[in-house]
Amino acid sequence: MHPVVRGAGALGLAAVLATATAACESGTGSGTGTATSGPSTASASASAASTAPATSTTAGVPPLPASLTGQQLGWQSCPAPSTAQGGDGSAPGAPWECATLKAPLDYTKPDGQTIDLALVRAVATGTGGQPRIGSLIYNFGGPGGSGVATLPALAKDYADLNARYDLLSFDPRGVGNSAGVRCLDDAATDASAAVDGSPDDQAETTALDAANSAYTAACEQNSGAVLPHVDTVSAARDLDLMRQVLGDAKLHYFGISYGTELGGVYAHQYPGNVGHLVMDAVVDPTKDPVQGALGQAKGFQLALDNFMKACAAQAGSSCPTGQGGDEGTRRITDLLNGLDTAPLPTASNRKLTQDLAVTGIAAALYNPNTWNALSVGLQEAMQGGTGTTLLALADAYSGRDQQGHYSNQSAANRAISCADDKSRYTATDVQGLLPTFRQASPVFGDFTAWGLTSCTGWPVQGSADLPEVSAAGSAPIVVIGNTGDPATPYEGSGAMARQLGAGVGVQVTLQGQGHGGYDSGNPCLKQVVDQYLLADKVPAGGTTCS
């Protein structure tokens, strides 16, 4: 019912990209580019930090027992990812290995109940004869994305880093095979998705409230013991346990989208344990849920405007959104308004509803490589009266496979978000915000605003108003912002760099399109990040790639 989340990262993108053909020629920032630099904000290298044994505790948290910090991981060939992980039934094969790590369910009770965290890795290849640095741990965003399923699918983007790092990812607590949160079954999830997520009258508002309540009740019934412990602070403690068990003196980490928030929370708790840390597609740590949702509404509208310009330039009058701008926005809102009362048929026996169409449009805006699929989907819906392509995009984003099975990414997203955020919003609150959200985006405004009610009535109280990411004493952290990012607007990268602190956060800008930068194909940005991770060269603050 809520098409955009705290930052989906690579969540569902492998599946979305599989539906796409060549993108419109759009000036996406994937050309050669050169770096331009501003004044340096960090001169010390990541390796300059002490390599003395690092503490594994934070204030008020008991030390972990040796049975956890000294555990041996039983790496073996990976099975096919599970349905909860969003797998397609295929095992990743060599060089991938999988293992499970035991972690406390509750870090205030380190000798108590444990949960298993699912891990995946590809051991450093040693190509070029350079020595291994350690493990480079990835979180691809969401929250709710399975790293075990995602890293092998996207590993080609990180192949050069695999020469000196073990590439490693994991299912965070509450996600996939790591004590994954379970809520509704597949049929009930389909039924819930059919509820109007942007109600127009009191009856629809009541129905949305009832659907949220039913969803919450199912989560509590099926996963009540886990829900209090899936917060980001606990996930950051898992990262440090992982670091110790892997034998690394420092944590080397690559966080994308929500993964940047997790990285910032880690750096705050363990500043002395930071080795190399990259943040790409940055969640703004200074914005509360309303401000964050409003920023996403603006970001997706900006991305939609950029798509429409590219489409008009390439296809002219045959572009389904015409010349873009107000005309293109009107065509899309006319389509959505029609779907509100008359969903379109698809190649399956399902209908394309207004909510699913908005989700499909949003999904395609994450990467310019799916802009062509969006053009096809809009053409089908506007002129052909069918919704097959937009529905496929929506399903990929929502973690629904062709057999109708859902991964747990949406359940995990809600559980983690509600465990983190203290704020709770009512329908009355949202109705007061709607004019502002609609002005920000005629297409996405209503949906992002109503999504604020997702945590109302949640059985776990949120832990904070905002994440704490200040990290005085940390090694330099590279913070990447993409000027055309729809889900994590560019301004968040500057805010994160400032919050990390002087001499810690180093902002790097990509003048491009899409969610994130490193995997965009821009060689300038790739060189900047690779030199930091592989050659310990910290970029100058203000470095820009285009």
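Student: In this predicted model, are Cys311 and Cys319 buried or exposed?

Tutor: Both Cys311 and Cys319 are buried, a term that requires a relative accessible area under 20%.

Student: What makes Cys311 and Cys319 a disulfide?

Tutor: The sulfur atoms of Cys311 and Cys319 are 2.2 Å apart, and a disulfide is a pair of cysteine sulfur atoms within 2.5 Å, so the pair qualifies. With 105 degrees about the S-S bond the link of Cys183 and Cys219 is right-handed, and the link of Cys311 and Cys319, with 125 degrees, is right-handed as well.

Student: Why is the disulfide of Cys524 and Cys545 called left-handed?

Tutor: The torsion about the S-S bond of Cys524 and Cys545 is about -65 degrees, and the disulfide is therefore left-handed. This pair links distant parts of the chain, with Cys524 in helix α17 (residues 523–535) and Cys545 in strand β12 (residues 543–545), 21 residues apart.

Student: How do you know that Cys524 and Cys545 are buried?

Tutor: The relative accessible area is 5% for Cys524 and 0% for Cys545; buried means under 20%, so both values meet the cut-off.

Student: Which parts does the pair of Cys183 and Cys219 tie together?

Tutor: The sulfur atoms of Cys183 and Cys219 are joined at 1.9 Å. Cys183 lies in the loop between β5 (165–170) and α4 (186–193), whereas Cys219 lies in helix α5 (residues 202–223), so the pair ties together parts that are 36 residues apart in sequence.

Student: How many disulfides does the count come to by this rule?

Tutor: The count comes to five disulfides, and, with bonded cysteines counted along the chain, they follow the pattern 1-2, 3-4, 5-6, 7-8, 9-10.

Terms used
Residues are numbered from 1 along each chain as its sequence is written. This is a predicted model: local features need pLDDT of at least 70, side-chain atom pairs count only at pLDDT 80 or more; totals for chains, interfaces and linings use all residues. Side-chain values use heavy atoms; hydrogens and water are left out. Helices (H or I, at least four residues) and strands (E, at least two) are DSSP runs, numbered from the N terminus. Buried means under 20% relative accessible area, exposed over 50%, partly exposed in between (1.4 Å probe, protein chains only).
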